[in-house]
Amino acid sequence: MPVGTLATVKGLTPAQLETTGAQMILANTYHLHLQPGESIIQQAGGLHRFMGWNGPVLTDSGGFQVFSLSALRKIKEFGVTFRSPRDGRIIELTPERSIQIQNALGADVIMAFDECPPGDADYATVAAATERTYRWLERCITAHQRPDTQALFGIVQGGTYPELRQKAVNALKELNLPGYAIGGVSVGEDPALVREIVQFTAPLLPFEKPRYLMGVGTYKEMAMAIASGIDLFDCVIPTRFGRHGTALVKGERWNLKNAPFREDFTPLDDSCACYTCQTFTRAYLNHLIRSREMLGYILLSLHNIAELIRFTQQIREAILSDRFVTEFAHWLS
């Protein structure tokens, strides 16, 4: 799922996004609450109409963003208070408030409000956060006013401790939610530990329900996670890389500023069907990036999203044809 934090995937129109093969995008409750405010989006007819996107939308709960404001927030049982980085005002975010905001935004999938402990937190801290996440989930379920039109996903916390992950999964499964997410990864842990967490946790989740790995989206991470049973991903990498002049090409990262591209008049990737690759040369993209032209960042973002979606589609096709293990072995080692 391309990330459209503020009801926009940075640099791309919805029409451009459709050409990449994107089917579902992610927006953020916390950021949209601060600007423009959920009431304005609700008055506009909901998130889909507000941003002109006809496909499914998932909204994060704001829990991870609150985690990232560690110097500005206080966590208590009722919820979180934090100082807005925009204007300094004090904001209170509770499980009930997060769900109220997401109900107003009108996304198709909404996430439970959770506590995301840092990757290096000790066992007692992670255990307390995991237990509080479950209590908050129960409050989210009670507060949810649109269960017929919005699927509420629960989030499995537990840090790097398998027994806490197991306990969290067991508790969440009893609630029979529409889908489940693995949270609390990519928050400071060693990549090898992240893989261990995913490989341990994903198979424990119900096979018949969507399984979502939050905040992960590189080639290797996705291939490894899919092998464990993950279905959904979101990541800012494709557009962030694009805004820094970096292209994702056949599993590699290319810096389009580099001199060898200045006189290279071939497509960025001759096997890619995206608008960028079908229309422009590496030399032209090099020129745009060196000139700091906005078009260069847009074209690379467009290609990068198309590339990662194509990668996951190829994995899907390989799974259905029983070729995944052999064709993607180099990503799974």
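Predicted model: local features only at pLDDT ≥ 70, side-chain atom pairs only at ≥ 80, totals over all residues.
Residues are numbered from 1 along each chain as its sequence is written, and side-chain values use heavy atoms, with hydrogens and water left out.

- Helices (H or I, at least four residues) and strands (E, at least two) are DSSP runs, numbered from the N terminus.
- Helix α9 spans residues 191–201, and its buried residues are V194, I197, V198 and T201. Buried here means under 20% relative accessible area, exposed means over 50%, and partly exposed is in between (1.4 Å probe, protein chains only).
- Look down the axis of α9 and those buried residues fall within an arc of 95 degrees, so they line one face of the helix. The arc is taken from the directions from the helix axis to the C-beta atoms.
- The cover over the buried residues of α9 includes β7 (151–156), α8 (162–173), β8 (179–182), β9 (211–213) and α10 (219–228). Contact means heavy atoms within 4.5 Å.
- As for α10 itself, 7 of its 10 residues are buried, so this helix is largely enclosed by the rest of the structure. The buried ones are Y219, M222, A223, M224, A225, I226 and S228.
- Just after α10 comes G229, with a positive phi of about 115 degrees.

**Salt bridges**

- Side chains of opposite charge can pair when their charged atoms come close.
- The whole structure holds 14 salt bridges, each being a side-chain nitrogen of Lys or Arg within 4 Å of a carboxyl oxygen of Asp or Glu.
- One of them joins R132 and E77 at 3.2 Å, N to O. R132 sits in helix α7 (residues 123–143) and E77 in the loop between β3 (73–76) and β4 (79–83), so the pair ties together parts that are 55 residues apart in sequence.
- R132 counts as buried at 18% relative accessibility, while E77 is partly exposed at 33%.
- R282 and D264 also meet, at 3.0 Å, N to O. This pair links distant parts of the chain, with R282 in helix α13 (residues 282–290) and D264 in the loop between β12 (252–255) and α12 (275–279), 18 residues apart. Both R282 and D264 are buried.
- R89 and D87 form a salt bridge at 3.0 Å, N to O, and R89 is partly exposed, with a relative accessible area of 39%.
- K250, D269, D270, E307 and R310 are joined in a salt-bridge network.
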